[in-house]
Amino acid sequence: MSRTEEATGQTMRTEYPFVLPRGYVDAQGRVHRDGLMRLATARDEIMPQADPKVQQNPAYLTVLLLSRTVTRLGGVTDVGTDAIENLFASDLAFLQDLYRRINQEGRTEAEVSCPACTHPFLVDVAGEAPGES
C-alpha cells in the first residue's frame, strides 16, 4: 500500500472487467465475452507510435493499444494483436469506448435516459451483460 493509500484509505482501481456485446471467437470456434482491461501506462501510449504498421496506417494504433491493455478475453490470457484484429466491429468499438472512458475520463459510467419516462441515470458500461449475474 502506498503512502497516499494509507493517508486517504483509498486504493486506485487499475483493472476493469467488461462483457463484449458479441464476443471474440477463437480458432476453435469458442466465444469469449468477458474480459479485463487495465489502465494504460505512458509506455503503452508511446511505444506503438514507432511501430511501422502505425506509421503506415494510423488506425492500427487502436489495435496495438488494445492488445497491450486488454489482459484477458474469456479464457485467453495472452491477448495479442491477432485477437484484437479478429474482433467484430461492434466489440472493437466497445473496447475503444471503454479504453477512452477509463484512461481519459477515469470512469466507466455513461448517462442514459429511460425510453419511457426520459429520466436520466448512469449505467456502468463495463459491467455485466443484462440478465447475467
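**Figure 1. Phe-88, a partly exposed residue in a predicted model.** Phe-88 counts as partly exposed because its relative accessibility is 41%, a value that falls between the limits of 20% for buried and 50% for exposed. The structure shown is a predicted model, not an experimental one. Phe-88 sits in the loop that joins helix 5 (81-85) to helix 6. Together with Val-25 and Val-31, Phe-88 makes a nonpolar surface patch of about 250 Å².

**Figure 2. Asp-91, a buried acidic residue in helix 6.** Helix 6 covers residues 89-105, and Asp-91 is part of this helix. Asp-91 is buried but forms no salt bridge. The nearest side chain of opposite charge belongs to Arg-22, at a distance of 6.1 Å. The backbone of Arg-22 is reached instead: its nitrogen lies 2.9 Å from the side chain of Asp-91.

**Figure 3. The surroundings of Asp-91.** Apart from residues up to four places away in sequence, Asp-91 touches Leu-20, Pro-21, Arg-22, Gly-23 and Tyr-24. Among them is Arg-22, whose backbone nitrogen is the one reached by the Asp-91 side chain.

**Figure 4. Leu-36, a buried residue in strand 2.** Strand 2 runs over residues 31-38 and includes Leu-36. The relative accessible area of Leu-36 is 18%, and the limit for buried is under 20%, so Leu-36 counts as buried. Leaving out neighbours within four places in sequence, Leu-36 has contacts with Glu-15, Tyr-16, Pro-17 and Phe-18, and also with Thr-69, Val-70, Thr-71 and Arg-72.

**Figure 5. The protein chain as a whole, for placing the close-ups.** The chain contains 6 helices and 5 strands. Read from the N terminus, these elements follow the order α-β-β-α-α-α-β-α-α-β-β. Among contacts with a separation of 6 or more, 48% link residues 24 or more positions apart. The accessible surface of the chain is about 8500 Å², and carbon and sulfur atoms account for 52% of this area.

Key:
Residues are numbered from 1 along each chain as its sequence is written. This is a predicted model: local features need pLDDT of at least 70, side-chain atom pairs count only at pLDDT 80 or more; totals for chains, interfaces and linings use all residues. Side-chain values use heavy atoms; hydrogens and water are left out. Helices (H or I, at least four residues) and strands (E, at least two) are DSSP runs, numbered from the N terminus. Buried means under 20% relative accessible area, exposed over 50%, partly exposed in between (1.4 Å probe, protein chains only). Lys and Arg count as positive and Asp and Glu as negative; His and the chain ends are not counted. A salt bridge is a side-chain nitrogen of Lys or Arg within 4 Å of a carboxyl oxygen of Asp or Glu. A polar contact is a pair of N or O atoms within 3.5 Å; within protein, one must be able to donate a hydrogen and the other to accept it, and residues adjacent in sequence count only if both atoms are side-chain atoms. Contact means heavy atoms within 4.5 Å. Accessible areas come from the Shrake-Rupley method with a 1.4 Å probe; for residues, only the protein chains shown count as cover. Patches are made of residues with over 30% relative accessible area and no salt bridge: like charges are joined within 9 Å, nonpolar side chains (Val, Leu, Ile, Met, Phe, Trp, Tyr) within 5 Å.
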